[in-house]
Amino acid sequence: QVHVVESGGGLVQAGGSLRLSCAASGSIASINVMEWYRQAPGKQRELVAGLTSGGSTNYADSVKGRFTISRTNARNTVYLQMNSLRAEDTAVYYCNAVVLQGLGRKSDYWGRGTQVTVSS
């Protein structure tokens, strides 16, 4: 079992920065991928950034060059550094820990989310 908790959201002006944190506990060594998603009102949840246990990263086109995903050496905390924020980045941001279980199966462990509001 893995438990994740997000923090760091808040209200920021357009052009500003925020850093979100995702603290993982439990079977941390079993985590294969850590991801940040976001969901704006009336929209579907979308993948923002991902970080594999091997260190590979991927980003949504809308955040490339502005957001950076990283982790601590202990791999128990993942960050999302968000720069040059825009009003359209306003959403609830969720952390997800993915544990691959073989045979095409996986488990997702979601946090409760943290609100990011960007004022224009």
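I took two strands as paired if DSSP finds at least two bridges between them, and I took helices (H or I, at least four residues) and strands (E, at least two) as DSSP runs, numbered from the N terminus. I note that this is a predicted model, in which local features need pLDDT of at least 70 and side-chain atom pairs count only at pLDDT 80 or more, while totals for chains, interfaces and linings use all residues. Residues are numbered from 1 along each chain as its sequence is written, and side-chain values use heavy atoms, with hydrogens and water left out.

Entry on the sheet. I looked up the strand order and found an open sheet of four strands, S1-S3-S8-S7, with antiparallel pairing. Strand S1 (2-7) and strand S7 (67-71) each have a single partner strand and stand at the edges, so one side of each lacks a neighbour in the sheet. I then followed S7 to strand S8 (residues 77-82), to which five bridges join it in antiparallel fashion. Within this pair, Thr68 stands opposite Gln81, and Ile69 stands opposite Leu80. Five residues lie between the two strands of this hairpin, where Arg75 takes a positive phi near 60 degrees.

Entry on charged pairs. I counted a salt bridge where a side-chain nitrogen of Lys or Arg is within 4 Å of a carboxyl oxygen of Asp or Glu, and by this rule the count comes to five. Which residues are linked in a network of salt bridges? I found Arg38, Glu46, Arg66 and Asp89 there. Arg38 forms a salt bridge with Glu46, the closest N and O atoms being 2.7 Å apart, and forms another with Asp89, at 2.9 Å. Since Arg38 lies in strand S4 and Asp89 in the loop between S8 and strand S9 (91-102), the latter pair ties together parts that are 51 residues apart in sequence. Asp89 also meets Arg66 in a salt bridge (2.8 Å, N to O), and Arg66 sits in the loop between strand S6 (57-59) and S7, 23 residues apart from Asp89.

Entry on burial. I used relative accessible area, with buried under 20%, exposed over 50% and partly exposed in between (1.4 Å probe, protein chains only). Arg38 counts as buried at 5% and Asp89 as buried at 1%, Arg66 is buried as well, whereas Glu46 is partly exposed at 35%.
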